[in-house]
Amino acid sequence: MKGNNCRIAQYATGSVVIPHASDIEPLQIFEDPNFGGASMELGLYDVHTQFGTRGGNLSENISSLILKRGYMATVATEKNGTGSSKVYVAQDFDVLVRQLPENLDNAISFIRILPWRWTGKKGWAGGGSGASDAMNVKWQYDWDNVATSTLNTEYVPMRHNAGWNAYANINSKKTSTHALAFNEPTVPVKPI
């Protein structure tokens, strides 16, 4: 049954069925390299900034991780998602990171996990799913962040400037794996 024990997602020019229980925890983090020491499983969609476990505190103390197939995880050194960062994508297999890169090892303060969605190069700028369907595109955006994805087309929300809808609105998009932001700076460019 869709949503209970599997996920259907676009993949290349078709679809893929990813079988997982509805209560899956797609990421497991570990205190030591090679999946040793205290560990913790993390769930989807929430921004994780606290990593306390029964076995210890993993805040800024993560050295290895396992990301299950069909998911992607963004890790960063600052609690707001900035600083050194990396996105891990488990497209075809589980991703086993036995030792995090030096700039992330024992420095992670932010993790966000989303279902992975294969998205092709061909996209559409402008509103309305009818136009994007007619063009057979794989993604579309509309200089806003209120629409949603369809099974065939991923909607990419935008937050143009600090005055636009809050990030919470973008974070509520469970089928959007990317966001556009601040693409038109207001400070004039000085000639060289």
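1. Strands are DSSP runs of E, at least two residues long, and they are numbered from the N terminus. With that in hand, find Glu25: this residue sits in the loop between strand E2 (14-19) and strand E3 (27-32). Keep in mind throughout that this is a predicted model.

2. Now the overall picture. The chain has 2 helices and 17 strands. It holds 192 residues, and 38% of them count as buried. Look also at contacts between residues at least 6 apart in sequence: 51% of these join residues at least 24 apart.

3. Back to Glu25. Is Glu25 buried or exposed, or does it fall in between? Its relative accessibility is 31%. Buried means under 20% and exposed means over 50%, so Glu25 counts as partly exposed. Setting aside residues up to four places away in sequence, Glu25 touches Glu41, Leu42, Gly43 and Lys68. With Gly43 the detail is clear: the side chain of Glu25 reaches the backbone nitrogen of Gly43 at 3.0 Å. With Lys68, compare sequence and space.

4. Next, the aromatic rings. How many aromatic pairs does the count come to? The count comes to 3 aromatic pairs. One is formed by Phe30 and Phe35, with 5.5 Å from centre to centre and 65 degrees between the planes. Planes over 60 degrees apart count as edge-to-face, so this pair gets that label. Phe30 itself has a relative accessible area of 6%, so it is buried. Elsewhere, ring pairs link Trp139, Tyr141 and Trp143 into a cluster.

5. Stay with Trp143 for a moment. This residue is found in the loop between E14 and E15. Its relative accessible area is 39%, so Trp143 is partly exposed. Check its backbone too. Most residues other than glycine have a negative phi. Trp143 has a positive phi, near 55 degrees.

6. Asn106 lies in the loop between E11 and E12. At 34% relative accessibility, Asn106 counts as partly exposed.

7. Ser109 is also in a loop, the one between strand E11 (95-97) and E12. Is Ser109 buried or exposed? Its relative accessibility is 5%, so Ser109 counts as buried. Leave aside neighbours within four places in sequence, and Ser109 is in contact with His48, Thr49, Phe51, Glu60, Ala76, Thr77, Glu78 and Lys79. Look closely at Thr77. Its backbone oxygen lies 3.1 Å from a polar atom of the Ser109 side chain.

8. At 1% relative accessibility, Asn145 counts as buried. Which backbone oxygen lies 3.2 Å from a polar atom of the Asn145 side chain? That oxygen belongs to Met158.

9. Then turn to empty space. Rolling a probe the size of a water molecule over the atoms shows where such space is left. The largest pocket has a volume of about 560 Å³. The lining has 19 residues, and Thr74, Phe110, Arg112, Asn171 and Ala179 lie nearest the centre of the pocket. What kinds of residue make up the lining? They divide into 10 nonpolar, 7 polar and 2 charged.

10. Finish with Lys174. Look for it in the loop between H2 and strand E17 (180-181). Lys174 has a relative accessible area of 43%, so it is partly exposed. Apart from neighbours within four places in sequence, Lys174 is in contact with Tyr45 and Pro115. Thr148 is 26 residues away from Lys174 along the chain, and 8.8 Å separates their C-alpha atoms.

Note on methods
Residues are numbered from 1 along each chain as its sequence is written. This is a predicted model: local features need pLDDT of at least 70, side-chain atom pairs count only at pLDDT 80 or more; totals for chains, interfaces and linings use all residues. Side-chain values use heavy atoms; hydrogens and water are left out. Rings of Phe, Tyr and Trp (its six-membered ring) pair if their centres lie within 6.5 Å; planes under 30 degrees apart count as stacked, over 60 as edge-to-face and the rest as tilted. Buried means under 20% relative accessible area, exposed over 50%, partly exposed in between (1.4 Å probe, protein chains only). On a 1 Å grid over the protein atoms alone, a cavity is a set of points where a 1.4 Å probe fits but cannot get out, and a pocket is an open set with protein on both sides within 12 Å along at least five of seven lines; lining residues have an atom within 4 Å of a point. Grid points are joined across faces, edges and corners, and a volume is the space filled by probe spheres set on the points. Ala, Val, Leu, Ile, Met, Phe, Trp, Tyr, Cys and Pro count as nonpolar, Asp, Glu, Lys and Arg as charged, and the others, Gly among them, as polar. Helices (H or I, at least four residues) and strands (E, at least two) are DSSP runs, numbered from the N terminus. Contact means heavy atoms within 4.5 Å. A polar contact is a pair of N or O atoms within 3.5 Å; within protein, one must be able to donate a hydrogen and the other to accept it, and residues adjacent in sequence count only if both atoms are side-chain atoms.
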